[in-house]
Structures are given as structure tokens and as C-alpha cells.
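Visitor: Hi! Could you walk me through a few spots in this model?
Guide: Happy to, let's have a look.
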Amino acid sequence: MDAAQQEATARARELQRSWYGEPLGALFRRLIDDLGLNQARLAAVLGLSAPMLSQLMSGQRAKIGNPAVVQRVQALQELAGQVADGSVSAAEATERMEEIKKTAGGSVLNNTTQQTSSTGATTVRRVVREIQSLLRSVSDAGDIIDAAHTLAPTHPELAEFLRVYGAGRTADAVAHYEAHQS
């Protein structure tokens, strides 16, 4: 790989970090490990071609262009967390992955058949990821930060919202969301 290709890959990975919280190679490798998948199976569940998944993982491509695929990634992240904490068995995870594969990626904010946690409430993390996905589909992190700086003097709460959800880490957005719920 020449210097220009290395630079392009590094830039793509940095963009992925700003859009998705981490480079997609790391995110996808974790899903593969946590859910016991291979790359071909992950690509199939997400609705991507194997070459596209490979390009995203290697940094040859920066952005997932299809919002439904982004939402499937988020659903798989949630599922992986449930498998890790033991609340979902391997057999249930396999079933859920088939359901995720069939989803068209509808919004969790207005979908009346949304998945719920055992308490019956939509998980905070899923709502936060939906907000992040929506903001990040409209603009990249740099432009969102610029907009936040512009708003900060007159609308500091809106500026904080843009920074946290549009360019921040999911854990920080979850904390922000929980702190602002009454």
C-alpha cells in the first residue's frame, strides 16, 4: 500500500470513528467474535455484499450508505451485549439475527412494533443510537461540531445536544439522555 492509500485509509477510519464511535473494522470484528459469525454470515445479516463489508472493515470505504444497514449494525450491537450478559442464549441470538436480517431498518422512534426490553420499555441505548444515526445521516461530525460552536453562545443546550449525539461516543449520549429524562 503506498502512502496515498495509507493516508486515505487512515482518514476513512477516522471518519468511521466520528460517525460510528470506532472504526468499522474493530466494530465488525467484535460482532463476529461476540456472535460467533464469519464475515460472510455478518455481511448476509447486515444486507451487504461480502466485498462491501471487506472494504468497510479495511477502511477502503468510510461510510455505510444504507440507513437500514446502520440500524441492523446497531441491532446486532445490542444483541451482542445481551449475549455477553447472558440475557440471550446462543440459540435465541441465531433466531434474532434472522429477524434482524429481514428488517427494513424502520425508525425505533416511531415504529409501533418496536423491540422492547424485558421491562417493556425501548432501551435507552437503542433510542440514543437512533438519534445518533439520524444526525450522522444528515451531516458529518465536523459539520455538526461547527454548527454546535455557532449555536453555543445563544443556545448552549442545543449545542451540547449536537456535540454529544452528533459527534460524541454512544456512552456519553446515553448518560446525557438519562440525565435529561424526568
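Visitor: Which helix is Q74 in?
Guide: Q74 sits in helix α5. Keep in mind that this is a predicted model.
Visitor: And is Q74 buried or exposed?
Guide: Buried: the relative accessibility of Q74 is 11%, and the cut-off for buried is under 20%.
Visitor: What does Q74 touch, apart from its neighbours within four places in sequence?
Guide: With those set aside, Q74 is in contact with R129, E130 and S133.
Visitor: Okay, staying with α5, how do the axes of α2 and α5 cross?
Guide: Helix α2 (residues 24-35) and helix α5 (residues 67-84) have axes that come within 10 Å and cross at roughly 45°. The two helices are therefore oblique to each other, and the crossing is left-handed.
Visitor: Which residues make that contact?
Guide: From α2 there are L27, F28, R30, L31, D34 and L35, and from α5 there are V73, L76, Q77, L79, A80 and V83. By class, the residues of this contact are nine nonpolar, one polar and two charged.
Visitor: New topic: which residues of α8 are buried?
Guide: In helix α8 (residues 141-151), those are A141, I144 and A148. Looking down the axis of α8, they fall within an arc of 60°, so they line one face of the helix.
Visitor: What's exposed on the other side of α8?
Guide: H149 and T150 are exposed there.
Visitor: And what covers the buried residues of α8?
Guide: The cover includes α1 (3-20), α7 (124-138) and α9 (156-167).

Definitions and conventions:
Residues are numbered from 1 along each chain as its sequence is written. This is a predicted model: local features need pLDDT of at least 70, side-chain atom pairs count only at pLDDT 80 or more; totals for chains, interfaces and linings use all residues. Side-chain values use heavy atoms; hydrogens and water are left out. Axes are lines fitted to C-alpha atoms, for helices over the stretch in contact, and angles run from 0 to 180 degrees between N-to-C directions. Helices (H or I, at least four residues) and strands (E, at least two) are DSSP runs, numbered from the N terminus. Angles under 35 degrees count as roughly parallel, over 145 as roughly antiparallel, 65 to 115 as roughly perpendicular and the rest as oblique. A crossing is left-handed if the near helix is turned anticlockwise from the far one by less than a right angle, and right-handed if clockwise. Contact means heavy atoms within 4.5 Å. Ala, Val, Leu, Ile, Met, Phe, Trp, Tyr, Cys and Pro count as nonpolar, Asp, Glu, Lys and Arg as charged, and the others, Gly among them, as polar. Buried means under 20% relative accessible area, exposed over 50%, partly exposed in between (1.4 Å probe, protein chains only). The arc is that of the directions from the helix axis to the C-beta atoms.
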